[in-house]
Amino acid sequence: MEEVVGIADMKIIKGEGVLATYALGSCVGICLYDEVTKIGGLLHAMLPDSSMAQPLINPQKYVDTGIEQLYRTMCHMGAVPGFLRAKIIGGAKMFEYKTSMEVADIGTANVVKAKHCLAALGIPIISELTGGEVGRTIRFNPVNKDVIVHSTDGKIEVI
């Protein structure tokens, strides 16, 4: 059974099943899994930092609060923090825009923030497929830990 994770969304499953998300451009997909309990979760976050979003309506829209929510929910469901592992996908440079003094690359900022947040939680990143200028669709199986990545350039990779 495949469950679809929308943009600014997350889902968690225990045991058999697949979590899928589409249209990862500058967005980042964070796959967390517990190697022992077979609990897995997928977050599709749009922006790196929630600090400017007050009030915070959807924590899953942001990498920082989304990872925290995914982590806490998985642990509440029985995942053991010491057994959690991560895979990161997305963070492409799909477009850029100028702020007052600099050019912002949301994709890179999303990846950097994800790595920082996961490190702060002590969760190792096992693999990643980030950057570039392609969109990606992913299918994540927490039981075998595979993430199948279909890129808009026609490549299919398993990480």
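Author: What follows is a set of questions about the terms, each answered from this model.

Reader: What should I know about the model before I start?

Author: This is a predicted model, in which local features need pLDDT of at least 70 and side-chain atom pairs count only at pLDDT 80 or more, while totals for chains, interfaces and linings use all residues. Residues are numbered from 1 along each chain as its sequence is written, and side-chain values use heavy atoms, with hydrogens and water left out.

Reader: Why is helix 1 called oblique to helix 2?

Author: Helices here are DSSP runs of H or I with at least four residues, strands are runs of E with at least two, and both are numbered from the N terminus. Helix 1 (residues 63–76) and helix 2 (residues 106–120) pack at an angle of about 40°, with their axes 9 Å apart. Axes are lines fitted to C-alpha atoms, for helices over the stretch in contact, and the angles run from 0 to 180 degrees between N-to-C directions. Angles under 35 degrees count as roughly parallel, over 145 as roughly antiparallel, 65 to 115 as roughly perpendicular and the rest as oblique, and therefore helix 1 is oblique to helix 2.

Reader: Which residues make the contact between helix 1 and helix 2?

Author: Contact means heavy atoms within 4.5 Å, and it is made by Val63, Asp64 and Ile67 of helix 1 together with Asn110, Lys113, Ala114, Cys117 and Leu118 of helix 2. The residues of this contact divide into five nonpolar, one polar and two charged, where Ala, Val, Leu, Ile, Met, Phe, Trp, Tyr, Cys and Pro count as nonpolar, Asp, Glu, Lys and Arg as charged, and the others, Gly among them, as polar.

Reader: What makes the pair of Tyr33 and Phe140 tilted?

Author: Rings of Phe, Tyr and Trp (its six-membered ring) pair if their centres lie within 6.5 Å, and planes under 30 degrees apart count as stacked, over 60 as edge-to-face and the rest as tilted. The structure holds one aromatic pair, and in it Tyr33 and Phe140 stand 6.2 Å centre to centre with 50° between the planes, which is a tilted arrangement. Tyr33 lies in strand 4 (residues 28–34) and Phe140 in strand 10, so the pair ties together parts that are 107 residues apart in sequence.

Reader: How do you know that strand 1 and strand 3 pair?

Author: Two strands pair if DSSP finds at least two bridges between them, and strand 1 (residues 2–4) and strand 3 (residues 18–24) pair in the parallel sense over three bridges. In strand 3, the bridge partner of Val4 is Ala20, and Ala20 also stands opposite Arg139 in strand 10. Strand 3 and strand 10 (residues 136–141) pair in the antiparallel sense over four bridges.

Reader: Why do strand 1 and strand 12 stand at the edges?

Author: They belong to an open sheet of five strands in the order 1-3-10-11-12, with mixed pairing. Strand 1 and strand 12 (156–158) each have a single partner strand, so one side of each is left without a neighbour in the sheet. At the strand 12 end, strand 11 (residues 146–151) and strand 12 pair in the antiparallel sense over three bridges, and Ile148 has Val158 as its bridge partner in strand 12.
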